[in-house]
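Reader: I am new to this one. Please take me through one part of it closely, in short steps.

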Amino acid sequence: MGEELRTTLVDRLGAIAAKAVAYTLMILFTVMTLYPIFWLVMNSFKSTKEFQVSQLSMPVEPTLSNYVEAWKMGDFALLFPNSILYTVGATLGIVLVSLLAGFAFAKIGSRATKPIYNSFVIGILITAQSLMIPLFLEVNLLGIYNTRIAVLLVYIGTGLPLGVYLATEYIRSIPNALIESARIDGAGFFRIFWKIVLPMAMPVAVTLSILNISNIWNEFALINILVSRTELKSLPLGIYKFSGSLSTDYGKQFAALTIGMIPMLLFYIIFRRQITKGVAAGAVKG
Amino acid sequence: MQTRNRIRVEEGRAYWAMVLPAFLIYLLVMAFPIVLSIVLSVSNYDGGKMFGGDAWGFAGLRSYARVFTDPHFWNALKNNAYIVMISVFGQLPLGFVFAYIIYRKLVKWPGFWQGVLYVPNIISVIVVGLLWQTIFSPNGPIAEVMNSMARAGFQSKLELLFTAHGGFTITDDLVQNILNLAGPAASEWFTNPLPELKELILSYEGAPHAELLGDLCNLFVPKWSPEFLTKPNLAMLPILFVILWMYTGMYLILFLANMQKIDVQIIEAARIDGASEWQVMRFIILPSLSGTIVNSAILAISGSLSSFSLIFAMTGGGPSRVTEILSIYMFNNAFLGRPNLPLANAISLIMVAVSFLLIGLTKAVEKRYGGKED
């Protein structure tokens with residue numbers, strides 16, 4: 001009896017200790033994650049002068065003027081629509097083109113499927129950033145440097161390997177009988193795609209959109225070598241302007257960083273579940 | 001026969017109409033650049049018009065020879081390896097621990113912790129890079145905390161000195177002690193410290209005591225400087241820290257998603273049979289995640305190849321090129337100073353080769369673990 005009591009006691013103590021350690025770790029990392037972000041937003045409401053006097057206290061005279069000026073200096077009124085266009089355009093492009101190819105690979109079939117499909121799968125692990133320089137030379141060669149079409153093409157192209165892979169795997173799970181019976185009823189392949197495959201492939205379309213929207217919205221390395229004109233730039237390029245010579249104008253820099261951070265934070269807060277699921281599904285391979 | 005043929009043709013047309021958009025864009029964006037960099041890496045192309053401009057031609061493997069003998073290349077490669085290491089030995093174990101804590105319900109509100117720890121992933125790397133650059137800078141909050149601590153320490157020592165010397169009576173002895181306390185900072189301000197400082201202190205006669213103390217602190221307390229940003233052998237540390245800060249949440253999600261695929265009954269049965277929490281982790285959870293762990297390591301390597309933006313924003317590869325990774329090294333060779341495009345293309349191909357190595361690795365892993373991770 002005494003022995004038993006002792007083991008349960010040890011068990012209980014061990015469980016309490018484990019919980020204590022678990023909570024400590026979680027709280028520590030949560031603070032480490034959120035405090036820098038909180039610090040940034042808090043200081044974006046201080047004048048640079050007030051920031052230099054005290055960085056750790058709450059703003060005494062909160063001001064919105066940093067935002068007004070950062071918005072102007074960063075040309076964000078131009079860059080926001082661009083970012084939206086690139087993100088929405090390229091994401092739609094990736095989803096549509098991937099699903100079309102996935103349908104052909106999974107349900108129509110041809111001798112060409114194996115080599116082409118495999119070439120996409122290989123592409124998942126090729127880091128687009130390693131092709132930055134040849135891509136820059138290529139868009140110059142094609143005369144599409146400083147054009148929106150170049151940005152869209154490059155973003156679609158870099159999103160396709162994972163897109164085609166996930167789409168093909170998903171569409172494979174759609175029963176053949178559905179497609180065959182539609183064929184017997186005389187439906188063409190594009191009609192089948194619209195009426196049967198597309199609605200059924202919505203989950204994978206959502207996953208792909210989720211993965212690509214945040215990637216493209218935040219992308220910097222490639223667009224940095226594709227455009228140099230302000231009218232074509234995206235938000236990350238505009239925010240980067242606040243490094244360098246503007247980086248000691250802290251108030252404005254912090255406002256610019258906050259402006260850059262908010263859209264994706266909202267996106268995350270709204271779609272957290274889908275994002276988490278999409279990351280788990282998409283990262284396994286790539 | 002006729003109809004079957006017609007169906008064949010229709011199938012073929014539909015197939016290519018659906019595959020070609022993807023395939024052509026893919027060729028244009030991924031395949032053609034690789035071909036282009038193969039050609040240019042063995043050429044003497046130096047910018048300008050590729051066709052119809054100055055003639056350029058075959059130059060052999062001299063760009064590769066230059067890359068492999070360039071110490072900056074090996075430094076960049078080493079930094080890539082550091083990034084892989086912080087991922088494999090930092091993010092992976094941490095992500096695993098967090099996922100385990102949540103999976104085994106050691107904490108309440110699982111969704112909250114998971115949601116918060118993933119936040120840094122969603123923010124643009126440019127924002128993250130510039131934010132941390134400021135935090136680590138000599139004007140940042142870390143410096144402020146360190147400076148105010150140093151100042152408080154110095155001031156209390158000063159006060160002790162004054163009290164020990166009987167308050168505000170200025171003697172040579174007191175001034176000498178202050179100078180000793182100040183150390184090398186004193187000789188920065190005075191050529192002949194003892195008389196000059198004494199004169200300075202005497203000029204405060206009548207003024208509030210605190211004013212003198214404050215000014216002495218301003219004069220002598222050394223400003224804390226984030227040495228790790230300027231010291232070459234430490235400059236990678238903040239970058240590695242930020243990478244750890246940013247991506248641990250992603251591995252948490254990966255591990256958690258795969259833990260949730262484990263049959264709960266197995267764990268419950270093991271617990272009933274008397275297995276300890278530790279044994280459950282060691283003999284059930286860890287083995288069933290081996291594939292995920294290897295895949296995450298591969299992810300870490302490909303992540304190190306794509307860390308351009310973060311380092312570009314944080315250091316740009318500086319100070320004096322010590323924080324370059326392969327992609328920054330390539331970028332700098334192509335766009336800074338005298339561009340060397342063949343060299344940059346050779347680096348590009350070396351990075352692609354690393355990617356192909358990864359593909360081989362993945363294939364081997366799939367063979368070993370049955371590729372069951374998806």
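Predicted model: local features only at pLDDT ≥ 70, side-chain atom pairs only at ≥ 80, totals over all residues.

How many salt bridges does the structure hold over all chains?

Author: Residues are numbered from 1 along each chain as its sequence is written, chains are lettered from A and ligands numbered from 1 in the order in which they are written, and side-chain values use heavy atoms, with hydrogens and water left out.

The structure holds 7 salt bridges over all chains. The term means a side-chain nitrogen of Lys or Arg within 4 Å of a carboxyl oxygen of Asp or Glu.

Now the interface. Chain B brings 98 residues to the contact and chain A brings 93; contact means heavy atoms within 4.5 Å. About 8,500 Å² is buried between the two chains, and carbon and sulfur atoms give 77% of that. Buried area is the accessible area (1.4 Å probe) that two parts lose on being put together, summed over both. In chain B, the residues that lose the most area to chain A are B:Y15, B:M18 and B:I122, together 9% of what that side buries.

Across this interface the rule finds 1 salt bridge. B:E10 and A:R183 meet in a salt bridge through their side chains, at 3.3 Å from N to O.

Which element gives the most to chain B's side? Helix α1 of chain B, residues 2-41, does, with 23 residues. Helices (H or I, at least four residues) and strands (E, at least two) are DSSP runs, numbered from the N terminus. By class, chain B's side has 71 nonpolar, 19 polar and 8 charged residues. Ala, Val, Leu, Ile, Met, Phe, Trp, Tyr, Cys and Pro count as nonpolar, Asp, Glu, Lys and Arg as charged, and the others, Gly among them, as polar.

One more salt bridge, within chain A: the side chains of A:E69 and A:K252 meet at 3.3 Å, N to O. This pair links distant parts of the chain, 183 residues apart. A:E69 is in helix α3 (residues 65-73), and A:K252 is in helix α13 (residues 250-283).
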